[in-house]
Amino acid sequence: MRLENILLWNLMAAVIVLGQARPNGKLNSQSNSGLKSDCAGNLMRLSLDKALAVGNQLEVEAINGTQHIVLTPSLAAQCGYSMESDPWGNTRIYTSLMSCYVDNKKDTTFNIGLRLKMHGQSPSDVVSHDVMQTCSYTRWASKEILCDRNYMEVSNHMAIPVQQAEAKGHIQEEDSKLNAIPDASGEAHGIWKMTFYTPEPVSMVLREAEQAGYGAMTTSSRLVMRSPYNTAETYSEDVAGIPMEVFKVSTYHKTPHGLTMVNLAAACPTGGVLFTEDVISWHVPRRVTPLLDGDHKITEMHMGINGQKLDKSQMATRGYTLTTTDFHIITEIPVGSPDGYFKSHAPDYQYHITYSVEPMLEVLWRIDNSKEDTRYKVLFPITTPLMPRPPHSQDHTVPEERVFSVHVGTFLHDVELRNFTFSTGVLTIEESRARGFTVQEHSFPNGTKSFSLQVPIDADVVLKHNPEPLVTTYFLPLVFGFIILPEEMPFAHPVDVETSLQDVVLPTVTGTCDQNQFYISVTYGSQGSNFQTIVGSRQLSPEMANAYNFQENATHFSLIVPYNAIDTAFELITSDSIKARLDLLLYEPNNNWVLADLYLACNFPLTTTACYPNGTIAAWAVKVESVPNLIPSWLTLKDQSCKPMFSDDRFAYFSFSADSCGTTRTFFDNYMMYENEISLYSNNRKGAAYTSPIDPDYRQTISCYYVVNDTQTISFSYKPRSSEPTAEIGSGQLMVQMRLAQDASYELFYQAEDYPVMKYLRQPLYFEVELMQSTDPQLELILENCWATLQEDRTSLPSWDIIVDSCQNQDDSYVTIFHAVTSDSRVAVPSHIKRFSIKMFTFTKDEEVLKDEIYVHCDAVICDMSNQADGVCRGQCVHPTGMSNSRHQRIKEVRMERSADSTHQRHISTGPILLNTQ
């Protein structure tokens, strides 16, 4: 393809559509559509803005009259053209006034023509711009040396103008042009041959030199030689520590006066730059020894940028300095000066930057004892080494706002943010914003920028864990993905941000009971159901959940657990109830944390012993928590052949007759008690209960009291391990009430809301004691003892006996009066009621009233009238006695001790009754 051999520039940015090929436009010393040309000493400079050439390939042609010569890279170096472009397409083209295709008017006026072709995406998409620039330059030195980026040029003034042997005028102009074109022969009319020094001499005729890439020409007054860098006939030399490329040649050309030889030399620096973080120091030898044979004196010294000289004020404004030492001319340029540009790079995907600038040095010197001067001009593009600029991330997160805020920067303008890599995957900028993340670009006055990202801490890309039960640590690992334009070079910057909040709401557990079941409710906390549930000692499984009526919604779950379920524990058994406990624990297994727990204990009704009138005794044995290793099926009665009729891992049920299974019988007063024992017996010791060194493992006593013909249940007691709760003794109940009548008719009674009742001293108090809820005519209510106290507590002191051993207190001057009871509309069974009256009194000490109120208490005994044995059941005061007060007190003590075990005795009280002192 033809373009492969043409100087092209690929501009790596978005394509601006310029349309189809248009008629060529001409430009002359002014800006037009992004093109600008001007003259810079012995150069013409053409600037092409990136906006014009973006997305296109640039082809440059030299205009030579009616000819258009495509400037390939080799031809450009041979003929004095160079081009420099930054990564974004801003381009500068330099043309030497001594270049091949310049219309040279007597070395003073120079007409330069260039055609720029912009090749688009399709072959037909081509736009051309013709640039015509006229430059005037008369300040030629005797010798001029130009060091451009791709060639070295030297021109020497010839004292005698070159005269062609034939013709004048038009013929002379045509011959000059022939000399200038590389494929024209100059043997007959000018340059014949040349000798290069490498430093060994190498001779070539003009055609051979041109074929080797060298340029040679004569003008009206100057001889010009040009060489690319690094040719076979150039060599490197170290001058004052600076590496230089050297080009030396002797030219032989024909004149009307004979053969003339001219020695030409050029030496251009290829190094000599020192870098710090802030300053570029460019060193050029003060004495370029390959060009000098003796001492010299510098008469002018200028610094410039991009081929254009700067004056002192311009240099000062930019911070440039130009100084000399004994060996060097030093140009110092601050890194970041406005005449250069920064560029981003990503070697090994790490962010770096470089700074590029193109200084120019122009020096005019004169050799001592000579009138010849030399202008030495160097265009020297400089790019700093890669400077690492690792991005800095700043965590601007405010935990209370519950949003991660991360800033990353700073970057040059050619960096773009493309994506984020989260723990869940890669999201583009658009996808991140669609997820509710905030992505922003922040620009700064110095041309740099940074990027920020805000992510809610509850987003799914955020990882979280709990270092403590109430604390959540939120962790956002992410990678910022960038590209560098226009190359689209990727690089990345990882960032990890973390914050902690005490924001955990723990789950809570509540529970209640009814007569059969535990009701448990668990309310979830802020982390939902992220825990394990332990019921009793087992983790809640699907089978358990089904058995315990597990119900769940988004906020809580509930369980219903029977009190006798396998996961409950029995703490205590009494005659009529069992105390069961349900333990529930919410457990976080990863950290072994208990998030919540509940230990709910309730009493549930349970009859453990039943005594039947036919002599059958039934009893339940229960495995309580204090005997964890008990196996109920191993329990027996005293007769070890009497085993449970039913048993499981928690209960054993026994049913036996009172005259079997080793049951014993004991008589006292009018009671008959049957007693047996449920125990765990050792197979190794016949007939003996298993015992530990301290206490037996299990022993439960069963007792039944038979009172005459009435059977009352005492239930049982079992002897537990040390410090364990003891079962309460239970009994059947017959209700007895005592009331205070308003008068002797016993028709109206004081109600509970009437107390305290006001009475005058010695005013009669009428009491009635009645056996309630019984119609059995064989039962009789006997008042065994009655007494008065100052306090509601029946055992408090002082006290005063009113009835003693069913009779009046003979030591009382105000004798208690019993009143007969007869049947009427209210009284169905007179033997169920006893009535008595006393006179209102007070307790005194040293003639002083201790308290103006009293309480009256009685012990009542229920007797079988068909079997009136000795004792109180003979009748109400059948044999009155006349015992002293001291004996009354002793009898009361005996009575109170005995009554603690009586099943047919009832304790009743009434009061307070206040003394009315008005």
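Mentor: Here is a walk through the disulfides, taken pair by pair. The model is predicted. A search of the whole structure turns up seven disulfides.

C147 is joined to C268, with an S to S distance of 2.0 Å. The torsion about their S-S bond is about -85 degrees, so this disulfide is left-handed. It links distant parts of the chain. C147 sits in strand β12 (residues 143–147), and C268 sits in strand β20 (residues 258–269). The two are 121 residues apart. Both C147 and C268 are buried.

Next, C611 and C704. Their sulfur atoms lie 1.7 Å apart. The S-S torsion is -80 degrees, and the link of C611 and C704 is left-handed. This pair also bridges distant parts of the chain: C611 belongs to strand β51 (residues 609–611), C704 to strand β58 (residues 699–707), 93 residues apart. Burial rests on a cut-off of under 20% relative accessible area. C611 has 10% relative accessibility, so it counts as buried. C704 has 0%, so it counts as buried too.

Last, C642 and C661. Their sulfur atoms are 2.0 Å apart. With -90 degrees about the S-S bond, the link of C642 and C661 is left-handed. Here the cysteines lie in loops: C642 between β53 (635–636) and β54 (646–647), C661 between β55 (651–657) and β56 (664–668). The pair therefore ties together parts that are 19 residues apart in sequence. C642 and C661 are both buried.

Methods:
Residues are numbered from 1 along each chain as its sequence is written. This is a predicted model: local features need pLDDT of at least 70, side-chain atom pairs count only at pLDDT 80 or more; totals for chains, interfaces and linings use all residues. Side-chain values use heavy atoms; hydrogens and water are left out. A disulfide is a pair of cysteine sulfur atoms within 2.5 Å. Helices (H or I, at least four residues) and strands (E, at least two) are DSSP runs, numbered from the N terminus. Buried means under 20% relative accessible area, exposed over 50%, partly exposed in between (1.4 Å probe, protein chains only).
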